[in-house]
Amino acid sequence: MDETVAEYIRRTVLKIPRDEIKTMLQKWGFLSETQLQTINFHQIKENISQDVVQLCEENSADIKQAAVLDIIYNHIYPNKRVWSVYQMNKTGEETEFFDLTDFKKKFKRRLRSALKNVTINFREYEDNAVWIRIAWGTPYTKPNQYKTSYVVYHSQTPYVFISASVLKSNLPLLCQALVVASSYHDIREMELRSHSLNSLKDIVFKRYSQNFQTYYPRPLQERNVAPENADLRIIQENRSEKERIQRVNREVFGDGPQPKLEFAQYKLETMFKSDPKMDVLDKKEPFRCLVKFSSPHLLESLKSLAPAGMADAPLSPLLTCIPQKARNYFKIREKKGFFSGSFVSP
Amino acid sequence: GVFAHLEMLEARAYEAAVKQEETEQQEEKLARLKARVQELRLQRDELRAKVDLQQKGQLEKEGVVSDPAQPSARPVLEWKIKSVKAMLEVFYLTGISGKLTKRGVCFCISTAYQGTYLDSYYLDLLAKPQMQIHRHSVPIFIPLEQIAKKYLQTDIRRFLSVLSDHLNAYVGRRYQADQLQEHFSDQIEGTLQRNSLCNLLVFNYNVSSESKTFPFNARLLYGDLCRSLPTEVIVSCAPDAPASLAETAAAHSDLFRRGALHKAFRSFSSAEESGD
C-alpha cells in the first residue's frame with residue numbers, strides 16, 4: 001500500500017471522535033466485521049489509527065477507498081466546512097430525466113479533459129443527493145489529497161453546494177464540469193454562505209417553516225403555549241402588546257425552527273443623512289460602511305429580539321427577508337428617483 | 001451619682017408608660033375596627049339574602065327560565081360555525097383550497113395517491129400590480145416558474161389545475177418508489193436508483209422460477225410529469241436465462257406500465273407463491 005495512502009487514512013481516522021470510529025468504519029465497509037473486532041476501540045486514538053492502517057495494509061487499500069472514508073466523514077460532519085450555494089440556469093423546457101451514471105460520466109470526462117491530475121469520487125445518498133469529492137493536482141503534480149473540494153448536488157434542482165476550501169483557481173473548472181454534467185447553461189454564485197449545509201438546503205429548497213394563511217391550520221399541539229400564571233394577583237399590563245408582538249413574529253418567522261446561519265453582512269453605499277445645519281460631510285458621496293451580524297444561530301436570535309423587548313416588532317425587512325431572498329450578503333445602495341430610502345441590489 | 005441614676009430610671013419609666021398607653025390605644029382601635037367589620041359583614045349578608053329572595057320571586061312570577069318559543073342565539077351560532085367548518089374541510093379535501101389575504105390569496109394544494117393523503121403545498125399570491133407568486137413551499141424540482149409563466153397571468157384556474165397535476169403525479173411516483181423500497185426490499189438487488197422528481201427508476205430484482213432465482217433489470221421512464229405511470233418500461237433478463245423468462249419479462253413490463261409499481265410487485269410475488 002502506498003505510503004501517502006496509509007498516512008491519509010491514519011490522519012482521517014484521527015479526525016473522527018473516538019466513540020464514532022467504529023460506526024464510521026462499518027459504514028465504510030472496507031474492513032470486514034472480523035477485522036474490526038480485532039481492534040480495541042478503547043485505546044488512545046493514535047493507536048486505533050495505527051491498527052486501522054495495519055488492517056488496510058492487509059486489504060491493500062488504494063486512494064479511492066481512502067477517499068470514500070473521507071466522504072463519509074464529511075457527510076456526517078459537514079458543519080466543519082463553509083458551504084457556498086451556486087445557482088444554475090437553463091433556457092430549455094425539456095423534461096430532465098437525470099440519469100446518475102450519465103451525470104458521473106460527463107462530470108469526470110469534462111473535468112479530466114481540463115486537468116488530468118484529479119481524484120474524483122462520488123457517493124449517493126437516500127435524499128437524492130450526490131456527494132462529489134475532488135482532490136486537486138496540477139498539470140505536473142499528483143493530486144494533493146489534503147486539498148479537496150466538496151460538491152453536493154440534488155438531482156433536477158438548479159442548486160449546487162460547494163465547499164471549495166483552498167485553490168479558488170480551480171473553481172471555474174469545477175463549475176464548468178457541473179454545468180455540462182447536469183445539462184444546464186450557466187452557473188453563478190449566490191450570496192448565501194454558512195457552515196450548516198442542511199440549513200442552506202432548507203433555505204433554497206424552501207423546506208423551512210413558512211407561515212401560510214389557511215383555514216385549515218396545522219394541529220395546535222405544535223405550538224408551545226406557556227402555562228397560565230395561576231396567581232390572579234399578577235396582572236399583565238402589556239398583554240395586548242405582547243400578543244401583538246407574538247402574532248407579528250409568528251407571521252414573519254413561522255412556527256418551526258429557523259435555518260442556521262452564522263452571519264448576515266450588509267455593505268452600505270448610501271448617503272449619510274444628517275441635519276443639514278450640522279454639515280457633517282462636505283462631499284456628497286456615499287458613506288461606505290459594512291454592518292455584520294454574527295451569531296451561533298442568527299435567525300433564531302432575530303426571532304427572539306422582539307419578544308425579549310430588544311427591538312420593535314415588526315423587524316426591518318432587511319433582516320427578515322434573509323430566508324426568502326436566499327441570501328445573507330447584501331449591498332444596499334441609494335434608490336434613485338422619487339422615494340428616498342435604500343434599495344437592495346439583486 | 002444617685003440622683004442622676006434616679007432621674008434616668010424616672011425617664012425610662014415615663015417612656016415605658018407612654019409606650020404602654022400607645023399600644024393600649026392601638027389595641028382598642030383594632031378591636032373597634034374588627035367589630036365594625038363584623039357589623040358590615042352581617043349587613044352585607046342580609047342584603048344578599050334580600051336580593052336572592054327578590055330574584056327568585058321575580059322568576060316565579062314569570063314562569064320557567066328558558067322560553068322554548070325563541071331559540072337562544074348561541075346554539076344557532078354554533079350550528080353555523082360547524083357547517084362552515086365542514087364546508088371548508090370539503091374544499092380542503094378536494095385538493096385545492098384558498099383563503100383571501102390582505103394583498104391577494106393563499107392557496108393550499110393537498111395531494112393524494114389512490115386514497116392515501118400525502119403532502120400539502122402552499123402558494124402565497126399577490127394580486128397587484130399583477131398576479132405573482134410572493135412565497136411558496138413547492139419543491140424546487142417542480143417546474144413552477146414555467147407553469148406560472150404560461151398560465152398565472154391569463155388563466156389562474158388552469159394554473160392551479162396544471163400545478164396540482166404535477167404535484168399529485170410527483171407524490172404518486174414518490175409514494176410508489178417508497179412503497180417498493182419499504183415492502184419489497186428483499187426482492188430488490190442493490191440500491192433502487194431514483195432522482196428528485198422520481199421520473200426515472202432503475203433497479204435489479206429477483207424472479208424465482210422452478211426453484212431458481214434469476215436477476216431482472218427494470219428501467220422505468222416517466223416521460224409525462226403529470227402522470228404517475230411510466231411512459232417507457234424496459235425489463236430485461238440475463239442473456240443466458242431460459243426462454244420462458246423472456247415472456248415473464250414482457251408480462252412484467254406490461255404490469256409496470258399499467259398499474260402502481262408496488263401493486264405489480266405484490267401481484268407477481270403472490271402469483272409465484274401460488275404458482276410453481
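1. In this predicted model, helices α2(A) and α5(A) form a right-handed crossing. Helix α2 covers residues 21–28 of chain A and helix α5 covers residues 63–76 of chain A; their axes come within 10 Å and cross at roughly 125 degrees. Angles of 65 to 115 degrees count as roughly perpendicular and those over 145 as roughly antiparallel, so α2(A) is oblique to α5(A).

2. On the α2(A) side, the contact is made by A:Met24, A:Leu25, A:Lys27 and A:Trp28. Helix α5(A) contributes A:Gln65, A:Ala66, A:Val68, A:Leu69, A:Ile72, A:Tyr73 and A:Ile76. By class, the residues of the contact of α2(A) with α5(A) comprise 9 nonpolar, 1 polar and 1 charged.

3. A further helix pair in chain A consists of α1 (residues 3–15) and α4 (residues 45–58), which pack at an angle of about 140 degrees with their axes 9 Å apart. Helices α1(A) and α4(A) are therefore oblique to each other, the cut-off for roughly antiparallel being over 145 degrees. The crossing of α1(A) and α4(A) is right-handed.

4. From α1(A), the residues making the contact are A:Ala6, A:Ile9, A:Arg10, A:Val13, A:Leu14 and A:Lys15. Their counterparts on α4(A) are A:Lys45, A:Glu46, A:Ser49, A:Gln50, A:Val52, A:Val53 and A:Cys56. The contact of α1(A) with α4(A) divides into 7 nonpolar, 2 polar and 4 charged residues.

Note on methods
Residues numbered from 1 in each chain as written. Chains lettered and ligands numbered in written order. Predicted model: local features only at pLDDT ≥ 70, side-chain atom pairs only at ≥ 80, totals over all residues. Heavy atoms only, no water. Axes fitted to C-alpha atoms, helices over the stretch in contact; angles between N-to-C directions. Helix = DSSP H or I, 4+ residues; strand = E, 2+ residues; numbered from the N terminus. Parallel < 35°, antiparallel > 145°, perpendicular 65-115°, else oblique. Left-handed = near helix turned anticlockwise from the far one by under 90°. Contact = heavy atoms within 4.5 Å. Nonpolar A, V, L, I, M, F, W, Y, C, P; charged D, E, K, R; others polar.
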